[in-house]
Amino acid sequence: MQITERELNRATLSRQLLLGRESLGVDDAVRRVVALQAQHPASPYVALWNRIGGFDPADLDAAFADRALVKATLMRITLHAVHADEHRAFREAMQQTLYASRLGYRFAAAGLTPADAHDLLPHLLEFTERTRTTDELKAWLEQRLGPEKAAGAWWGLKAYAPLLHVATGGPWSFGHRSSFVAAPMGPPPTTRDAVPAALQALVLRCLAGFGPASVADIAQFSMVQRSLVRGALSALDGSVERLAGPGGTILFDVPGAPRPPADTPAPPRLLGMWDSILLAYADRSRIIPPAYRRLVIRVNGDVLPTLLVDGRVAGVWRAVDGGIEATAFADLPSAAWDGLADEARSLGALLAARDPRAYGRYDHWWAKLPDGAARRLLPG
């Protein structure tokens with residue numbers, strides 16, 4: 001079976017609830033889309049506003065406070081919000097990646113070894129049976145290791161240890177000063193061996209939420225080695241199907257997953273910073289035109305809030321006094337501007353109630369956008 005580039009785009013939008021807002025609770029919506037990148041505290045809220053009909057941010061506040069949804073370092077070694085029931089499998093699937101990425105570099109430069117991490121972990125998890133602030137955890141490590149080693153130890157352990165970020169209030173549940181609690185799963189394995197069952201589960205969830213996808217796409221979604229992804233797909237033979245993608249790329253998918261026709265309408269959307277749909281693929285051209293990639297994904301890894309028009313990135317937006325400033329990288333039809341204006345009114349209400357300049361610290365990127373881009377103030 002073959003799938004075209006436009007059909008691939010529509011399949012992705014459908015699974016990510018971007019072909020039309022659906023009437024779902026926040027728990028069910030997060031299960032559907034698998035994970036929300038949560039590097040910025042506002043982004044899970046903007047993501048669900050884009051995907052849920054009648055989204056009430058108080059529902060997400062409650063889900064974070066009750067830990068029905070949890071925030072932790074997971075795929076791509078960055079912060080994600082996931083359903084609490086899925087955290088353990090995702091964390092186990094990421095074990096080898098987190099081991100390799102967080103028990104070297106600054107952790108090793110502090111004179112520490114993986115064996116030191118495994119010795120520390122049970123005590124760290126016992127200490128975090130109740131909520132601890134970053135300062136408390138740094139002090140705890142200084143007491144055990146001394147100030148020379150504590151900074152490097154915390155750099156590694158805050159991502160390697162199975163810790164959850166604790167909702168501390170504020171406009172988006174989490175502030176920039178983090179607090180942590182141990183996840184209810186105990187210490188991770190003491191070797192770098194992959195956990196095959198957990199990795200297979202993660203691959204299936206990736207395909208359900210972001211498929212069809214290639215081996216390279218799945219590896220990018222998770223930041224798990226391609227050889228391990230191939231092994232998981234081989235073990236799943238019979239549970240996944242193959243498709244021929246654009247350019248003959250072999251894609252994998254779960255049987256029965258939605259693949260809408262290429263001519264399915266895709267409404268305009270205003271995606272938040274680091275929206276997962278922009279980052280979950282090695283080949284991001286299904287969503288981001290190649291000419292726009294460097295404008296949207298900046299050299300330091302910042303991923304700007306984007307305009308989505310006909311299912312593909314068409315520009316960027318930021319909140320300003322008076323509404324949403326939309327910058328299009330090419331001419332847009334009047335119908336697209338009308339749709340974006342409707343979205344801006346709704347988004348402006350969400351931001352005004354919480355934090356009108358949610359992404360204001362990233363405004364410096366707008367001076368680096370190309371001359372001649374069309375900018376409009378869409379009243380919020």
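Predicted model: local features only at pLDDT ≥ 70, side-chain atom pairs only at ≥ 80, totals over all residues.

**Reading side-chain contacts and aromatic pairs**

Author: Residues are numbered from 1 along each chain as its sequence is written, and side-chain values use heavy atoms, with hydrogens and water left out.

Reader: Is His-83 buried or exposed?

Author: Buried means under 20% relative accessible area, exposed over 50%, and partly exposed in between (1.4 Å probe, protein chains only). His-83 counts as buried because its relative accessibility is 9%.

Reader: With which side chain does the side chain of His-83 make a polar contact?

Author: A polar contact is a pair of N or O atoms within 3.5 Å; within protein, one must be able to donate a hydrogen and the other to accept it, and residues adjacent in sequence count only if both atoms are side-chain atoms. The partner is the side chain of Arg-31, at 3.4 Å.

Reader: How is a pair of aromatic rings described?

Author: The description uses the distance of the centres and the angle of the planes. Rings of Phe, Tyr and Trp (its six-membered ring) pair if their centres lie within 6.5 Å; planes under 30 degrees apart count as stacked, over 60 as edge-to-face and the rest as tilted. By this rule the count comes to 12 aromatic pairs. One of them joins Phe-210 and Phe-221, which are tilted, at 5.1 Å centre to centre and 45° between the planes. Phe-210 lies in helix 11 (residues 196-210) and Phe-221 in helix 12 (residues 215-222), so the pair ties together parts that are 11 residues apart in sequence. Helices (H or I, at least four residues) and strands (E, at least two) are DSSP runs, numbered from the N terminus. Phe-210 is buried at 1% relative accessible area, and Phe-221 is buried at 2%.

Reader: What kind of pair do Tyr-292 and Phe-329 form?

Author: Their ring centres are 5.0 Å apart and their planes stand at 65°, so the pair is edge-to-face. Tyr-292 is buried at 17% relative accessibility, and Phe-329 is buried at 15%.
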